[in-house]
Amino acid sequence: MRIRYAWSLSGIVFVAALGAYGQNWTPPRTADGQPDLQGTWNNGTVTPLERPKELAGKEFFTEKEAAAYEKQIVLTRNSDHRGSTAETDLQFAYNNTWYDWGSKVVKTRRTSIIINPPDGRIPPYTAKGQEMARARAAQQSHPPEGPEDFSLEDRCLVFPTGGPPMLPFTYNNNYQIVQIPGYVVILIEMIHDVRTIPIDGRPHAPSRLRQWMGDSRGHWEGNTLVVDTTNFNGKTTFGFLYNGLTDGNYHLTERFTRTDPDTILYRFTVDDPTIYARPFTGELTMNRTAETIYEYACQEGNYALGNMLAGARADEKRAAAAAKK
């Protein structure tokens, strides 16, 4: 597989040649003639979002390098190695049974999900982006005063798995795609969110209507489903570590291409000139799975949020008592 890049003043023009990967395979069609993306897919992977510094300049693994990297990451992520103290044990939270990181690099053997810029790194923040990052860090540096001080994930609102872009998490990396005339529907296992994407040519909703997951519109370019999403509410994040900022100017383009019976090549481009110095593109592979998606009940029986707030108040009382001595 080889990738070619071109640049323009208006942003990134991305041209890809799949080469041997999926070049000679024709996807089946749905009853109304759409390329068939239906099924349940999993995007868990050991491939990092950004290229690690030790892999600088290396865009692809060899087969041998990929196997060694997979072994290293799986061992590192094994939470059954609990550590020698109560604190290190607590940091692991769950044992390994509950995690679903994935154990393989993406099928293209890329060394990062970010593929453009060519260094595999998310571009730097603009001055406004730096300001937003500092504000978030300041908010997170003090004990939480209420639920609003916790992350969207802690509050069971949205997860990076839903995005968009749809990126892997530590578990629940399954998606079910259903196609009906005029729509593509994606059921996201985490928080059981659903993306309903019209493909009938209708325009986006008015810009004043802002949503957590934005307003998506799709169309077909050959065998590729292209989804354009705008109208985000500017409160979401993306990425493994929730470090991707967004705002009301966030614009996302996704491309879904089924390259063989068991693989969807998923590519996304983020364009948010308020926050990032330039657009950037990521790519991963989604793998067919026979697993069943069950309802993810995030908030029901969630005692963690209340306990964390109670812990913060207890810490404040101890600090106040110590100050009086």
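This note goes through a predicted model of one chain, from its overall form to single residues.

1. Overall form. The secondary structure of the chain comprises four helices and 12 strands. Its radius of gyration is 21 Å, close to the 20 Å that the globule rule gives for 325 residues, so the chain is as compact as a globular protein of that length. Taken along the principal axes, the box filled by the C-alpha atoms is roughly 75 × 50 × 40 Å.

2. Among contacts with a separation of 6 or more, 62% are between residues 24 or more positions apart.

3. Strand β11 and its partners. Strand β11, which spans residues 263–271, is mostly covered, with seven of its nine residues buried. On one side of the account stands strand β10 (residues 251–260), which pairs with β11 in the antiparallel sense over nine bridges, and the hairpin that joins β10 to β11 passes through two residues. Within this pairing, Thr253 stands opposite Thr269 in β11. Strand β12 (residues 280–288) also runs antiparallel to β11, to which it is joined by eight bridges, and here Leu265 stands opposite Thr285 in β12.

4. Cis peptide bonds. Which residues are joined by the cis peptide bond with omega of about 20°? They are Asn116 and Pro117, and Pro117 lies in the loop between β4 (114–116) and α3 (127–140). The peptide bond from Gly163 to Pro164 is also cis, with omega near -5°, and Pro164 is found in the loop between α3 and β5 (174–180). As background for this point and the next, most residues other than glycine have a negative phi, and most peptide bonds are trans.

5. Positive phi values. Arg109, whose place is in the loop between α2 (86–91) and β4, has a phi near 65°, which is a positive value in a residue other than glycine. Cys156 likewise has a positive value, with phi near 60°, and its place is in the loop between α3 and β5. Is each of these residues buried, partly exposed or exposed? Arg109 is partly exposed, with a relative accessible area of 33%, whereas Cys156, at a relative accessible area of 13%, is buried, because buried means under 20% relative accessible area.

6. Pro27. The place of Pro27 is in the loop between β2 (11–17) and β3 (39–42), and despite lying in a loop this residue is buried, with a relative accessible area of 5%. What is Pro27 in contact with, leaving aside its neighbours within four places in sequence? The residues in question are Pro35 and Asn223. A separate value concerns Arg313, which is 286 residues from Pro27 along the chain and whose C-alpha atom is separated from that of Pro27 by 57 Å.

Conventions
Residues numbered from 1 in each chain as written. Predicted model: local features only at pLDDT ≥ 70, side-chain atom pairs only at ≥ 80, totals over all residues. Heavy atoms only, no water. Rg over C-alpha atoms; globule rule 2.2 N^0.38 Å. Contact = heavy atoms within 4.5 Å. Buried < 20%, exposed > 50% of the residue type's maximum accessible area, 1.4 Å probe, protein only. Pairing = 2+ DSSP bridges.
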